[in-house]
Amino acid sequence: MALNSGNDREHDELLAKRYREAANEAPPVRLDAAIRAAARREAGAGPRPLSRLRAWRVPVSLAAVLVLSATLVLMMREEGTDQLETAVEPVSPRAVAPERPAEPQALPAEALTPASPSRAPQSRAQSPAADIAPPAPLVAPQVEQKILAGNAVPPESSPEPRLEVAAMAEMARPMMSAAPAPAAADSAAGRMARSAPAAATVALAAPPLWQDLIDQPADKWIQRILEWQRAGRSADAEALVREFVRRFPQQPLPPEIRQP
Amino acid sequence: MPQEADASDESLMLAYRDGDAGAFDRLYERHRGGVYRYLLRQCRNAALAEELFQDVWMNLVRARASYAVQAKFSTYLYRIAHNRLMDHFRRRDALVLSLDDENASPVDEPVAPSGAQPEITLEARAQGAQLLALLGKLPVEQREAFVMQQEGGLSLEEIADATGVSRETAKSRLRYALAKLREGMQSWR
């Protein structure tokens with residue numbers, strides 16, 4: 001049999017045919033088996049490295065969030081303990097007076113009436129006289145409510161500090177509610193005031209119960225305490241007594257005033 | 001996921017990329033002989049060809065995650081084989097198998113076909129042996145172009161793509177290879 005020509009320059013059918021007939025080598029069977037087994041192992045090994053990373057992403061993120069949260073809580077607790085041990089420097093309300101809304105010079109008559117059970121805490125927070133309305137048993141929740149209500153934010157404040165304050169109050173809630181004494185609440189407020197100036201401004205912008213007594217002499221304070229005790233506002237009176245003792249440490253309290 | 005019998009190489013490779021081991025078996029069955037013979041013709045040593053052959057397929061297996069259809073699968077596969085072969089040649093650069101040496105002599109004797117094919121006549125078998133001997137004397141690049149065309153069914157463009165040269169270069173290599181083979185087989189024509 002003779003090979004015929006007549007092909008183009010890049011292909012020769014007869015050469016191709018002869019090549020196909022002659023070239024019939026194949027890889028050994030053992031090699032086939034090894035390669036197929038390796039390919040199956042790789043296919044059955046599950047997701048590829050990229051997918052493995054993807055699968056670990058959620059657990060790692062959750063673990064990171066948990067660690068960060070625990071660290072933050074521990075740090076806040078430690079700071080709270082420090083605040084309880086150190087004296088809290090009172091922040092002069094004058095420093096924040098320009099940011100505060102106009103305050104009543106005299107207490108409204110209704111503020112001096114006994115507490116009404118139907119008054120909701122939220123309405124207290126929304127009212128300008130909320131701070132002299134019947135309070136909760138502890139001061140700490142009062143501070144918290146003031147912060148959370150957001151009404152204490154001065155009008156010129158941007159929304160971001162308000163959110164920040166709310167978030168900080170949320171984080172501080174367990175510690176503040178666990179604090180049995182008003183000192184703890186004061187400490188928490190002081191800590192937040194130091195850590196975030198905007199938050200401090202907001203927290204201090206809410207006028208305290210004794211706002212109108214700040215520049216008054218001691219006898220005015222005593223008079224107010226007695227009024228509130230007679231009116232049955234024992235919690236407010238006690239808070240006022242504590243503030244009185246803090247402001248006038250040398251001033252003796254009259255015997256008719258019940259000390260907290 | 002079961003594949004159709006006439007599923008394309010590309011779809012099989014995509015299926016294997018997505019975890020279908022059966023798709024790999026089909027692909028392997030289609031190309032195992034061609035890739036092996038390509039390596040065998042180029043390195044002309046059965047043991048070395050087996051080693052390179054295994055490397056080529058394992059490279060394919062390892063690269064499956066990043067596989068995307070950018071060319072014909074056979075082009076992709078022969079490019080892997082070509083690159084592996086070039087690595088091997090570079091490592092044994094001290095030997096005479098330089099890609100630039102047109103007169104390099106074969107390291108081993110040309111590999112003769114192993115299996116007997118009864119339907120092929122003695123004359124055809126003699127022609128085949130003559131052809132393989134001539135092929136073994138071709139320069140590496142020309143032999144590579146011819147074997148890629150025959151074993152992989154690659155076009156000129158695909159040979160150029162797989163070997164990293166221009167289409168004109170691939171065309172020139174293939175023309176030279178065919179011309180020399182025709183000349184060597186002239187007595188049979």
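The largest nonpolar core in this predicted model has 49 residues. Tyr16(B), Val35(B), Leu39(B), Phe53(B), Ala81(B), Met148(B) and Ile159(B) have the most contacts inside this core. Helix 2 of chain B gives the most to the core, with 10 residues. In soluble globular proteins, nonpolar side chains tend to be buried together.

**Cores**

- Val35(B), one of the residues with the most contacts inside the largest core, is in contact with Phe53(B), Val56(B), Leu77(B) and Ala81(B), leaving aside its neighbours within four places in sequence.
- Two of these partners, Phe53(B) and Ala81(B), are also listed among the residues with the most contacts inside the core.

- Chain A has 10 helices and 0 strands, and its pattern along the sequence is α-α-α-α-α-α-α-α-α-α.
- Chain A has 260 residues, and 25% of them are buried.
- Of the contacts in chain A with a separation of 6 or more, 64% are between residues 24 or more positions apart.
- Chain B has 8 helices and 0 strands, and its pattern along the sequence is α-α-α-α-α-α-α-α.
- Chain B has 189 residues, of which 35% count as buried.
- In chain B, 60% of the contacts between residues at least 6 apart in sequence join residues at least 24 apart.

**Where the chains touch**

- The contact takes 33 residues from chain A and 43 residues from chain B.
- On the side of chain B that touches chain A, helix 2 (21-43), helix 3 (46-62), helix 5 (122-137) and helix 8 (167-184) each supply at least two residues.
- Helix 2 of chain B gives the most to this side, with 9 residues.

**Helix 1 of chain A**

- Helix 1 of chain A covers residues 13-22, and its buried residues are Leu15(A), Arg18(A), Tyr19(A) and Ala22(A).
- Seen down the helix axis, these buried residues fall within an arc of 100 degrees, so they line one face of the helix.
- An α-helix has 3.6 residues a turn, so residues three or four places apart point the same way.
- The buried residues of helix 1 of chain A pack against helix 5, helix 6 (140-152) and helix 8 of chain B.

**Arg44(B)**

- Arg44(B) is found in the loop between helix 2 and helix 3 of chain B.
- The phi of Arg44(B) is positive, at about 55 degrees, although this residue is not a glycine.
- Arg44(B) has 18 other C-beta atoms within 10 Å and is partly exposed. A residue needs 20 or more to be buried, and 12 or fewer to be exposed.

**Glu168(B)**

- Glu168(B) is found in helix 8 of chain B.
- Glu168(B) counts as exposed because it has 10 C-beta neighbours inside 10 Å.
- Glu168(B) and Glu157(B) are 11 residues apart in sequence, and their C-alpha atoms are 8.9 Å apart in space.

Technical notes. Residues are numbered from 1 along each chain as its sequence is written. Chains are lettered from A and ligands numbered from 1 in the order in which they are written. This is a predicted model: local features need pLDDT of at least 70, side-chain atom pairs count only at pLDDT 80 or more; totals for chains, interfaces and linings use all residues. Two residues are in contact if their C-beta atoms, placed from the backbone, lie within 7 Å. Helices (H or I, at least four residues) and strands (E, at least two) are DSSP runs, numbered from the N terminus. The arc is that of the directions from the helix axis to the C-beta atoms. A nonpolar core is a set of buried Ala, Val, Leu, Ile, Met, Phe, Trp, Tyr and Cys residues joined through C-beta atoms within 7 Å.
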